[in-house]
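Please review the following briefing alongside the sequence and the model. The points are grouped by topic.

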Amino acid sequence: SKQLKINTIIYMHGKFTKNSKILKKTFFSKYLVWSNFFLKQLLKANNKYSKKNIKIVGCPYLVIPNKLKKKIKNIKVKKCLILDEDYVNFTEIKNYLDKLIKIKNINLYLKKKITRKLPNEYEIYCKKNNIKIINENLNLGKILEKYKINCLIATTSTGLIECSYYGVVPVKINSKNRFREKEFNEFLRLNLVYNVSSPSKINKFFEKKYKTKSIDKIKNILWSNHTFSEKKIKKYIL
């Protein structure tokens, strides 16, 4: 397209950071991104990109939270949602789960990816250890609201970035996928998730309370000017 001088529009459909290798050499006429945060990350990935060619159109995955929900000052984790990630083997995170199931007064849920069958050993482990498997084909925001989740656990899933929008505590555990971990490092550097670097440290993350202001701060950094608009998209592509 660059050689033939064909206009190219890229629409953001998953998280990225300045560390995403493909962004450093991507050609585009326009790039439609979710928020100002990702606009900045795109510009940092390659200083030859022009801000005028990057348009913010919002994230279609986010749904407006229930505004009637009572605002609290501190969050004490009671219900945790673990995300099933198809690039992470069950054995790689089992040590985290073994520690997690021993923590008292916390209800655990697992959101199964609808695009794959949950590995048999993972399913058996969940049933044996009272981790409720959620098979429903619902938007993440709807699941968080339906099950009153106040903590989300994953390795490098976009869910860790989305959940702060709903006032949910994002807790990151480590995978052994070096490529994805390196890409995700920018979110760690900016303190946009709470990082549990090893299974032995997981308990302290559930002993304390999290300030709602801290989660709101993360939300504002990631989604401050988020407003999904089909009209904007049509305006930019037609």
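**Salt bridges**

Glu181 and Lys172 are both buried, where buried means under 20% relative accessible area, exposed over 50%, and partly exposed in between (1.4 Å probe, protein chains only). The structure is a predicted model, in which local features need pLDDT of at least 70 and side-chain atom pairs count only at pLDDT 80 or more, while totals for chains, interfaces and linings use all residues. Residues are numbered from 1 along each chain as its sequence is written, and side-chain values use heavy atoms, with hydrogens and water left out.

- Glu181 and Lys172 are joined through their side chains by a salt bridge of 2.9 Å, N to O; the term denotes a side-chain nitrogen of Lys or Arg within 4 Å of a carboxyl oxygen of Asp or Glu.
- Seven salt bridges are found in a search of the whole structure.
- Another salt bridge pairs Lys18 with Glu186, with the closest N and O atoms 3.9 Å apart.
- Because Lys18 belongs to the loop between strand E1 (9-11) and strand E2 (30-33), and Glu186 to helix H6 (residues 178-189), this pair ties together parts that are 168 residues apart in sequence.
- Helices (H or I, at least four residues) and strands (E, at least two) are DSSP runs, numbered from the N terminus.
- Lys18 is partly exposed at a relative accessible area of 25%, whereas Glu186 is buried at 2%.
- Glu186 also forms a salt bridge with Arg189, the closest N and O atoms being 2.8 Å apart.
- Both Arg189 and Glu186 lie in helix H6, three residues apart, which is about one turn of the helix.
- Through shared partners, salt bridges join Lys18, Glu186 and Arg189 into one network.

**Strand pairing**

- E1 and E2 run parallel and are joined by three bridges; two strands pair if DSSP finds at least two bridges between them.
- Within this pairing, Ile10 stands opposite Tyr31 in E2.
- E2 also pairs in the parallel sense with strand E3 (residues 54-56), over three bridges, and Leu32 stands opposite Lys55 in E3.
- Strand E5 (residues 79-83) runs parallel to E8 and is joined to E8 by three bridges; Leu81 has Leu152 as its bridge partner in E8.
- E8 is joined to strand E9 (residues 169-173) by four bridges, again in parallel, with Val169 in E9 as the bridge partner of Cys151.

**Nonpolar core and buried loop residue**

- The largest nonpolar core holds 73 residues, and those with the most contacts inside it are Val33, Phe38, Leu81, Leu152 and Phe206.
- Such a core is a set of buried Ala, Val, Leu, Ile, Met, Phe, Trp, Tyr and Cys residues joined through side-chain atoms within 4.5 Å.
- From E8, Cys151 and Ile153 point one way and Leu152 and Ala154 the other way, and all are buried.
- Not counting residues up to four places away in sequence, Leu81 touches residues including Tyr109, Ile134, Leu144 and Leu152, contact meaning heavy atoms within 4.5 Å.
- Thr156 is located in the loop between strand E8 (151-154) and helix H5 (159-162), and counts as buried because its relative accessibility is 0%.
- Leaving aside neighbours within four places in sequence, Thr156 is in contact with several residues, among them Lys172 and Glu181.

- Leu238 is found in the segment after helix H9 (230-237) and counts as exposed, because its relative accessibility is 83%.
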